[in-house]
Amino acid sequence: MSGKEFKSGFVAIVGRPNVGKSTLLNHIVGEKVAIMSNKAQTTRNKIQGIYTTDEEQIVFIDTPGIHKPHNSLGDFMVKSALSALHEADAIWFVVNADEERGRGDDFIIERLKEVSGTPIYLVINKIDLVHPNDLLPIMESYREALDWNEIFPISARSGANVPELLETVANELTAGPQYFPADQITDHPERFVIGELIREKILQLTSQEVPHSVAVVIEKIERETEQKVQIQATIVVERPGQKSIIIGKQGAVIKQIGIRARKDIERLLGDRVNLQLWVKVEDRWLDKPQALQSYGYSEEDY
């Protein structure tokens, strides 16, 4: 470490679904710790990503998108996101540059007004999708809604203005411990990340009705040889029709899920992987507290 005093802190990343929070987190830590999809409500748990330099460590909490819940899982996701507001040393409220401010944004802003003493930054993402002249009205719309510490237009995909955003928050940190080893990028165990990588591929390859009804349970992780790991996972859905979609004609879809997930898992583990997937139907699991807890969505997390 350098001769400077080491600083650390926690930053909550909040916003509506599908505004690029996970893309931003993955860009900062340099690895995929949060899954990405063009479908809303991809993130379900508070994902912690860790950014460490010689002078500071920032622990990021990527929250589920805040939305009107329609079942017990949705209720868990919103409570999880809102609880992060009171755990952080700073808050990034992420919005889309190519969308006008809406009721969902206003709902979050009202929750942010209840937070006392915590710096709040407005992060306007996806500036690469709009003309600079179109960005100014969006900035003005939000500027009047809350007394932001600063407003940062960025592109999480390209990284534009992200270093400046990081530097600003790092400068606001106070002296603190290094909570995690310098080479650690998430606090979640490998089992959790592996399940999320599989779920990401399901979101990418299946139709719109499946994503919000799917969970992934890692049944077994076992080393077969010195260079090969065996992983068995169960994909849980609510209806037989969803099971048919995930399996696909002659197993074509689940085969592609396995191929794509295996590549990311091998990159994560640094080993060859034998990935075996099964699909199970559990009726209305999204509204069963016992099922939610067994699949990793527990109120104990917030």
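This report walks through a predicted model of one protein chain, from its overall make-up to a few of its details.

## The chain as a whole

Let's start with the big picture. The chain has 302 residues, and 52% of them are buried. Its secondary structure consists of nine helices and ten strands. Among contacts with a separation of 6 or more, 71% are between residues 24 or more positions apart.

The mean pLDDT of the chain is 81, and 78% of the residues reach 70 or more. Two stretches call for some care when you look at them. Over residues 36–45 pLDDT stays under 50, and the model has 52 contacts beyond four places in sequence for that stretch. At residues 298–302 pLDDT also stays under 50, and here the model has 15 such contacts beyond four places in sequence.

## A sheet of three strands

Now find the open sheet whose three strands come in the order β8-β9-β10, with mixed pairing. Its edge strands are β8 (215–225) and β10 (272–281), each of which pairs on one side only. From one strand to the next, the twist averages 15 degrees.

What does "mixed" look like here? Strands of a sheet pair through backbone hydrogen bonds, either parallel or antiparallel. In this sheet, β8 and β9 pair in the antiparallel sense, over nine bridges, while β9 (residues 228–237) and β10 run parallel and are joined by ten bridges. A hairpin of two residues links β8 to β9.

You can trace the pairing residue by residue. Arg223 stands opposite Val229 in β9. On the β10 side, Ala233 has Leu277 as its bridge partner, and Val236 stands opposite Lys280.

## Helices against the sheet

Two helices pack on this sheet. Helix α6 (residues 190–205) touches β8, β9 and β10, and its direction makes about 120 degrees with that of β8. Helix α8 (residues 252–269) touches β9 and β10, and its direction makes about 135 degrees with that of β10.

Is strand β9 largely enclosed or largely open? Nine of its ten residues are buried, so β9 is largely enclosed by the rest of the structure.

## Where two helices meet

Helix α8 also has a helix partner to look at. Two packed helices are described by the angle between their axes and the distance between the axes. For α7 (residues 240–247) and α8, the axes come within 4 Å and cross at roughly 65 degrees.

Which residues make this contact? From α7 come Ile245, Ile246 and Ile247, which meet Ala252, Val253, Ile254 and Ile257 in α8. Sorted by kind, the residues of this contact are seven nonpolar, no polar and no charged.

## A closer look at Ser8

Finally, turn to Ser8, which lies in strand β1 (residues 7–15). Is Ser8 buried or exposed? Its relative accessible area is 6%, and the cut-off for buried is under 20%, so Ser8 counts as buried.

What surrounds Ser8? Beyond its neighbours within four places in sequence, Ser8 is in contact with Gln57, Leu173, Thr174, Gly176, Pro177 and Tyr179. For Pro177 there is a further detail: its backbone oxygen lies 2.7 Å from a polar atom of the Ser8 side chain.

How values were computed
Residues are numbered from 1 along each chain as its sequence is written. This is a predicted model: local features need pLDDT of at least 70, side-chain atom pairs count only at pLDDT 80 or more; totals for chains, interfaces and linings use all residues. Side-chain values use heavy atoms; hydrogens and water are left out. Two strands pair if DSSP finds at least two bridges between them. Axes are lines fitted to C-alpha atoms, for helices over the stretch in contact, and angles run from 0 to 180 degrees between N-to-C directions. Contact means heavy atoms within 4.5 Å. Ala, Val, Leu, Ile, Met, Phe, Trp, Tyr, Cys and Pro count as nonpolar, Asp, Glu, Lys and Arg as charged, and the others, Gly among them, as polar. Buried means under 20% relative accessible area, exposed over 50%, partly exposed in between (1.4 Å probe, protein chains only). A polar contact is a pair of N or O atoms within 3.5 Å; within protein, one must be able to donate a hydrogen and the other to accept it, and residues adjacent in sequence count only if both atoms are side-chain atoms. pLDDT is the predictor's confidence in each residue, from 0 to 100.
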